[in-house]
Amino acid sequence: MATHQQNLPTRTTGSTIEDDDAVPDIDPTNTSGLLQERLQAYKHACRYLEAYISATEKVQKAHAKEYEKVLKTVSDPLKEGHHFDQSLGGIAGLFENIRSNTKGIANSHLEAEKTIKGSVLPILERLHTEIKNKSKELEKGAVKGSKEVDKARNVTQKHIELLGQHTAAFSSSGGKVDPSTDPYVLQRGVNHRLNKQVLEENNNRHDLIEIQNSFAAFEAHVIQIFQQALQTFLQCVGGQLERQKAMYSDIVSNAQKIPLDFEFKGFVHRNNQLLVDPSAPKRDVSHISFPNQNHASTQPLIAGTLERKSRAMGGLKGYSTDYYVVTRSKFLHEFKDDDDIRKDPSPELSLYLPDCTIGAVSGEKFNVKGKDASKGKVGGAFAMSHELSFKAHSPADAERWYNVIKETAGGSATYSTEPMSPTSPVESRHESSQQQPPQYQEKSVAPVQTQGLGQGQGASSAGPMSAGAPTQQPYNTPQGNLQSEYMSTCDTA
């Protein structure tokens, strides 16, 4: 309420009405001022509606540009488009449909923008002009008449005040006054001016009544123009929306009409030479060949399962069965099994037979002594020599393994005519203590250990090893005795 009172115009004598004044200088309590203010209200309402529709027109133009950007996202041909059937009814046809409909949507916005600008806005612009003209007509007629009434009232009021002054002076002066200020004359002047004022008021009242009566018809005309403009606006915007909806519906309908197997059938037909034939049999490793598959070096000299006595805890765990192979590369490989599929078949143990000592066959058993070469050159340099006790399925099988190993080792290996038996380090030290006691030479330099080590190895490989056979002391010094015990312990382990 306070805002309304603040925006009400105030009446100032001699003021003029401006069309675009935010606060017209009109007295709202005056009839003509109130009517003038009402015309201003309709003019502003018309301007608001113009601004709304004009903004919509700009939005339609902006939408057209935005849909051009949308169209650019699908304007390029499909990447890897050769995978799709280029005829209608497939994915390629769907994107052609999307392009054409998106272009149509952009054009529909442009058409809507042109229609709003050329058909809707001119209606409101003409109405705006009519309201301005009505306001000017009111200003020239009723407002001018109201000003004349105010002027007449001011003149009458002055004469009434002048009559009051001289009637008061008449009593104080004892009735002595000028002819021009005679209260009688002044009273007749007031009557004259009052009659003129009443005539002006009646004329103004007649004009206001005519204007008031015309206002109802004019307002009806304004509202009709509003309705007409909005109806035209609806036809324009609604038509665009209907066309846009129809285009989107066409896109969806085109997509839903694609058979689910249409593209894949075409793909299979075009690429039947490259795709896998479902009716073809599966691949089998046994039917696959590759270069050097049957090379002589890949064929084992002998292969099969053997039992080997465990080296842990002095062989208390007994024998374990593993898969062994003698290759043409002169290796004796140990595997967990002969399965090449379950895991990568890396050897658990590899003995290079020419560097090994091979014991004779004793029934189903035979021994091989050597270093594990499966750890490579670096690991093999620090590897210790181990004596492995094997047990075949039968004496004949043991003989066959022995002969193959012996032939593979060739002349580089050392052979024993009797089976080798591992000895305990404790027994070796005990037997050594029962033989010749160590002899000491005063002020003598011990011989080089490499020479004694070679003699010890020659004595060890010259004949079969036995747990009860006496051993020759390679050294006659305390250091030599300790070295002999160390070598005996290593050989046994």
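Okay, let's start at strand E1: E1 and strand E7 (residues 385-391) pair in the antiparallel sense over two bridges. Strands here are DSSP runs of E with at least two residues, helices are runs of H or I with at least four, and both are numbered from the N terminus; two strands pair if DSSP finds at least two bridges between them. Before I go on, this is a predicted model, where local features need pLDDT of at least 70, side-chain atom pairs count only at pLDDT 80 or more, and totals for chains, interfaces and linings use all residues. Residues are numbered from 1 along each chain as its sequence is written, and side-chain values use heavy atoms, with hydrogens and water left out.

Back to E1. Opposite Arg308 you'll find Phe390 in E7. With E2, E1 pairs in the antiparallel sense over eight bridges, and there Ile302 has Val326 as its bridge partner. In a regular strand, side chains alternate between the two faces of the sheet. In E1, residues 302-309, the covered face has Ile302, Gly304, Leu306 and Arg308, while Ala303, Thr305, Glu307 and Lys309 make up the uncovered one.

Now the loops. Most residues other than glycine have a negative phi. Asn292 isn't a glycine, yet its phi is positive, about 65°. Asn292 sits in the loop between helix H5 (262-270) and E1, and with a relative accessible area of 58% it is exposed. Lys330 also has a positive phi, about 70°, and lies in the loop between E2 and E3. At 35% relative accessibility, Lys330 is partly exposed. For the cut-offs, buried is under 20% relative accessible area, exposed is over 50%, and partly exposed is in between, using a 1.4 Å probe and protein chains only.

What about Thr156, buried or exposed? Thr156 is buried, at 2%, and belongs to helix H3 (residues 91-172). Leaving out residues up to four places away in sequence, Thr156 touches Arg193, Leu194 and Gln197, where contact means heavy atoms within 4.5 Å. The Thr156 side chain also makes a polar contact with the side chain of Gln197, at 2.9 Å. A polar contact is a pair of N or O atoms within 3.5 Å; within protein, one must be able to donate a hydrogen and the other to accept it, and residues adjacent in sequence count only if both atoms are side-chain atoms.

That's it from me, so over to you.
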